[in-house]
Amino acid sequence: MDKKTPRERFIAALKHRPLIGRVPHFELVFFLTMEAFGKVHPSHRCFNQWDQMSDKERELHIRDVAELYIQTARYYEHSAIFIHPPRCEGHGGHDLVRPIAEKIREISGNEFFLTAHGDGTYGVPSGNTMMDFIGKIADNPDGVKAEADKMVDSSLSQGEKYREHGALDGFCLCSDYCFNDNPFLSPGMFDEYVTPYLKRLIAGYREMGFYCIKHTDGNIMPILDSLLEANPHALHSLDPQGGVDIAEVKRICGDKVCLIGNVNCGLLQTGSEEEAIASGRYALEHGMPGGGYIFSTSNCVYTGLDLARYELMLDVWRREGNYPEAH
């Protein structure tokens with residue numbers, strides 16, 4: 001019988017080590033905490049009077065957030081917790097990731113793999129800034145690259161601070177690069193403005209001892225080789241709504257990188273129960289062989305998704321997502 005903790009099982013999957021029993025499970029975010037537990041999700045909270053709080057008040061807030069993350073992970077059998085802290089407005093720009101991570105460790109020990117945002121590369125710009133970004137690439141490409149270097153430097157500097165206190169296991173790199181049809185930047189431009197900086201970022205994190213999960217929605221296939229070149233431990237979310245077929249990605253690179261995903265969020269929300277079940281089954285069928293797979297939706301458990309559909313997905317996982325004693 002496998003006695004590994006959820007954290008140990010998650011790391012084993014990241015490292016392509018053999019597992020017996022249930023495939024590790026993880027969600028980038030589980031937003032339905034109000035429906036599931038009667039509590040507002042931490043990232044939907046705002047501590048706009050943090051500077052006025054007593055130490056005791058701050059401690060109580062941090063504990064409440066940490067306990068909710070632990071409750072969610074234990075109830076839904078998540079092997080990892082992605083810490084989305086509340087907004088903390090006011091002077092000081094307080095970073096609550098560290099105290100939340102430390103409190104989770106204090107309460108649960110090393111039960112769960114702990115991760116947080118850590119990307120420092122260009123993603124798809126917002127609608128308000130897209131034309132400005134395109135103009136900068138056309139008019140000042142060297143300036144765009146210099147800014148890319150600064151963003152990586154800033155992320156690595158923050159990583160050093162997290163390394164010092166030791167509560168985090170790794171980072172989720174959450175710059176989105178792709179639309180459903182294609183990447184925002186052509187493959188050639190991606191290799192000029194993103195790939196070198198993503199490589200440096202991941203190499204720096206790895207040197208510090210962190211694991212790196214590269215997240216991007218959409219159609220990653222035209223830039224898949226570049227993502228692999230950057231050497232992340234895992235790719236998330238393998239978006240079927242962007243035409244990403246986990247069977248094809250597993251064939252191409254399933255022996256090189258851990259895969260996390262690919263249960264279709266669109267089908268979970270608007271498809272039939274049969275379609276939702278089939279999507280979960282397909283992800284397990286093609287992700288599990290040979291290890292290096294973590295079961296997940298193709299994005300997150302977002303606000304508006306029917307909780308019953310997520311639980312239906314988990315029923316498939318509990319029945320069919322199990323490795324035998326030898327595989």
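Student: What covers the buried residues of α3?
Tutor: The cover includes α2, β2 and α4. Here, buried means under 20% relative accessible area, exposed means over 50%, and partly exposed is in between, with a 1.4 Å probe and protein chains only. Contact means heavy atoms within 4.5 Å. Helices (H or I, at least four residues) and strands (E, at least two) are DSSP runs, numbered from the N terminus.

Student: What kind of model is this?
Tutor: It is a predicted model, in which local features need pLDDT of at least 70 and side-chain atom pairs count only at pLDDT 80 or more, while totals for chains, interfaces and linings use all residues. Residues are numbered from 1 along each chain as its sequence is written, and side-chain values use heavy atoms, with hydrogens and water left out.

Student: Back to α3. Which of its residues are buried?
Tutor: Ile62, Val65, Ala66, Leu68, Tyr69, Ile70, Thr72 and Ala73.

Student: How many residues does α3 have, and what span does it reach?
Tutor: It has 21 residues and reaches 30 Å from first C-alpha to last. That is close to the 30 Å expected at 1.5 Å a residue. The expected span is 1.5 Å times one less than the number of residues.

Student: What comes just after α3?
Tutor: Glutamate 77, with a positive phi of about 60°.

Student: New topic. What is the strand order in the open sheet?
Tutor: The order is β2-β3-β4-β5-β6-β7-β8, 7 strands with parallel pairing. Two strands pair if DSSP finds at least two bridges between them.

Student: Which strands are at the edges?
Tutor: β2 (80–83) and β8. Each pairs on one side only. From one strand to the next, the twist averages 25°.

Student: Take β2. Which way do its side chains point?
Tutor: Ala80 and Phe82 point one way, Ile81 and Ile83 the other. All of them are buried. In a regular strand the side chains alternate between the two faces of the sheet.

Student: How many bridges join β2 to β3?
Tutor: There are 4, and the strands run parallel. Phenylalanine 82 stands opposite threonine 115 in β3.

Student: Which helix lies across β2 and β3?
Tutor: Helix α4 (residues 97–108), running at about 155° to β2. Axes are lines fitted to C-alpha atoms, for helices over the stretch in contact, and angles run from 0 to 180 degrees between N-to-C directions.

Student: What is arginine 105 in contact with?
Tutor: Leaving aside neighbours within four places in sequence, it is in contact with Arg7, Asn110, Phe112, Leu114, Ala167 and Asp169.

Student: Now α12. Which of its residues are buried?
Tutor: Ala276, Ser279, Gly280, Ala283, Leu284 and Gly287. They cover an arc of only 130° around the axis, which puts them on the same side of α12. The arc is that of the directions from the helix axis to the C-beta atoms.

Student: What covers them?
Tutor: The cover includes α10 (246–253), β7 (258–263), α11 (265–270), β8 (293–297) and α13 (307–320).

Student: Switching to rings. How many aromatic pairs are there?
Tutor: The structure holds 19. Rings of Phe, Tyr and Trp (its six-membered ring) pair if their centres lie within 6.5 Å; planes under 30 degrees apart count as stacked, over 60 as edge-to-face and the rest as tilted.

Student: Why is the pair of phenylalanine 37 and tyrosine 75 edge-to-face?
Tutor: The planes of the two rings are at 90°, so the pair is edge-to-face. The ring centres are 5.7 Å apart. The pair links distant parts of the chain, 38 residues apart: phenylalanine 37 is in helix α2 (residues 33–37) and tyrosine 75 in helix α3 (residues 55–75).

Student: Is tyrosine 75 buried or exposed?
Tutor: Tyrosine 75 counts as exposed, at 52% relative accessibility. Phenylalanine 37 is buried, at 18%.

Student: Which residues are in the ring cluster?
Tutor: Ring pairs link Phe30, Phe37, Tyr75, Tyr76 and Tyr310.
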